[in-house]
Structure formats: structure tokens, C-alpha cells
Amino acid sequence: MDQIANKNRKGDKTNVPRLKRKEYEQKLRELHVELVKLQEWVKREGKKVCVVFEGRDGAGKGGVIKAITERVSPRVFRVVAMTAPTEREKSQMYVQRYLPHLPSGGEIVIFDRSWYNRAGVERVMGFCTEDQAKNFLSGVPSVEKTMVESGIILLKYWLEVSPEEQTNRLTARIDDKRKIWKLSQMDLDSYARWNDYTRARDDMFQATDTAWGPWFIARSDNKRRARLNIIAHLLASIPYKKVPRGDVKLPKRNVARSKPLPDSLRIVPEADL
């Protein structure tokens, strides 16, 4: 990796044993409690948080995002995964279509890929010109500085997967009918261009790793550890506090004697499990 990535890998441990599921779930449960505290603080204080996830196909972005969001409110934690631009959007200023998705007060927006598509897949696969890619790289730090100056807490994560592990994961998508939808023709075309993506990644780090919008690199060959590491880092990067609340008790209520459901209603049959 380039110097920027190496700088962020300082202290990284290699050959760390995989977490057993029970240990992973216990640690994740503890982090989920903290994510709920973060959620309540963001709501009360009207804070704006924007989290960007980038990485190669199969790096584990979806798994990390699912781990973050599975126990919090989708009204606060909003995931943005944009499709290919329309013809109208192609005619706009490049970052224009992303701006409406930025967080308002009381929101945490998570981008599953972001405006950095231009620095990665669009550049590598020829969906934009070299001039367009370079213009983007030179201009996006100013856009992100404006975001931060407006009060947005910006966190950018790159998930770094090895070529061997990427191969394992993409192969698994082919073999597992539950995952085949994750493997597109674009993924197959991109797979052969590892070195091109590496150069694009390094150029992106060089141009957009700034004091106000730094990149954080997470090694993601070990999925469970990557998820825990990223969530812990995210929580440590935001100065949230526990929102005090009183004891919660269910009020008393009167429940009338239940009547059988009318025969005219359609009841879902019990499956033969």
C-alpha cells in the first residue's frame, strides 16, 4: 500500500486468529448498546454524521453496514446505496446527485459507495475520462471541507481486502444461490483489473486524505474483526454522551376477553418446518 495507507496501518496486527461466533456476538452486542447511545445523542443534539464506505468488490462493506444498522432506527441511521446515474444526472455537476442525501440534523447517513465512484470504478472501467477523474480528485477536498464546516461529522473508511480473500468471496457468491445476486457482470469485469484499482486507490488517497476528511483503512480479510474494529473506531471518533432518561415502565391496561378471529379472514398457514 502507499504511504498514506501504511500510516493508517500503524499498529495493525497480522495473522490474528478468527473470533469464535459466541465471542463475536458478545462484543457486537456491547457495541450495539453504544450505537443506540450515539443514536439518541445525535437525535437530541441535532448532529449530522456522514459515514462513507469504499473498497473493492467483496471487501465486506455490506456486512459492516448491516452490523452497524441492525439494532438502531432506520429513521436515524439512513443507508444510501445509489444506482447508476440517469441521463439527467449525467448532465449535472458530478457531486450534485449526492448532495440531497447528505444528513440533516439528527441523522447519521451511511454511504455504501459514494461520490468516490468517480475515483474508482468509473475511472478504472472507463465510465469517465481521465480529465474528469483528475478534476474530481482535485475538487472533492473543497466539497468535503464545506461539508465539515457546515457541521457534518465526516468519516471515510476504506476496507482493504487481499486478492486471495477477494477471490474466495467472489467464488462463494457463484456457488451460493443466496449470494449470486451480489455478483454482477461489472464485478466480473472489475475482478481482472486488480492493479488498475490499486493505482486508482492510491491516487485517491494521495489527493483526498485531508485534515478535515482523512481516510481510515480497515483490513477486512477477517470479517468479524473488521466489523468490530470499524464500529469501535466510529464510536471513538464521535464525542457522543449518554442521553439521560428515566425508568421505563409499561402502563396498566385493561384487555377484554379475546374473541376468535372471524372465519372470513385469511390466515397464513403454518409451514411444514
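Which strands does helix α10 (residues 223-236) lie across? In this predicted model, helix α10 lies across β1, β4 (152-160) and β5. The helix runs at about 160 degrees to β4. Contact here means heavy atoms within 4.5 Å. Axes are lines fitted to C-alpha atoms, for helices over the stretch in contact, and angles run from 0 to 180 degrees between N-to-C directions. Helices (H or I, at least four residues) and strands (E, at least two) are DSSP runs, numbered from the N terminus.

Because the model is predicted, local features need pLDDT of at least 70 and side-chain atom pairs count only at pLDDT 80 or more, while totals for chains, interfaces and linings use all residues. Residues are numbered from 1 along each chain as its sequence is written, and side-chain values use heavy atoms, with hydrogens and water left out.

The strands form an open sheet of 5, in the order β2-β3-β1-β4-β5, with parallel pairing. At its edges are β2 (77-80) and β5 (215-219), each pairing on one side only. From one strand to the next, the twist averages 20 degrees. Two strands pair if DSSP finds at least two bridges between them.

Strand β1 (residues 48-55) is joined to β3 (residues 107-112) by 6 bridges, and the two run parallel. V49 stands opposite I108 in β3, and V52 stands opposite F111. Another 8 bridges join β1 to β4, again in parallel. In β4, L159 is the bridge partner of G55.

Strand β1 is largely enclosed by the rest of the structure, because 8 of its 8 residues are buried. Buried means under 20% relative accessible area, exposed over 50%, and partly exposed in between (1.4 Å probe, protein chains only). K48, C50, V52 and E54 point one way from β1. V49, V51, F53 and G55 point the other way.

R113 lies in the loop between β3 and α5 (121-124). R113 has a positive phi of about 75 degrees, although it is not a glycine. Its relative accessibility is 25%, so R113 counts as partly exposed.

W181 is found in the loop between α7 (163-175) and α8 (185-191). W181 counts as exposed because its relative accessibility is 66%.
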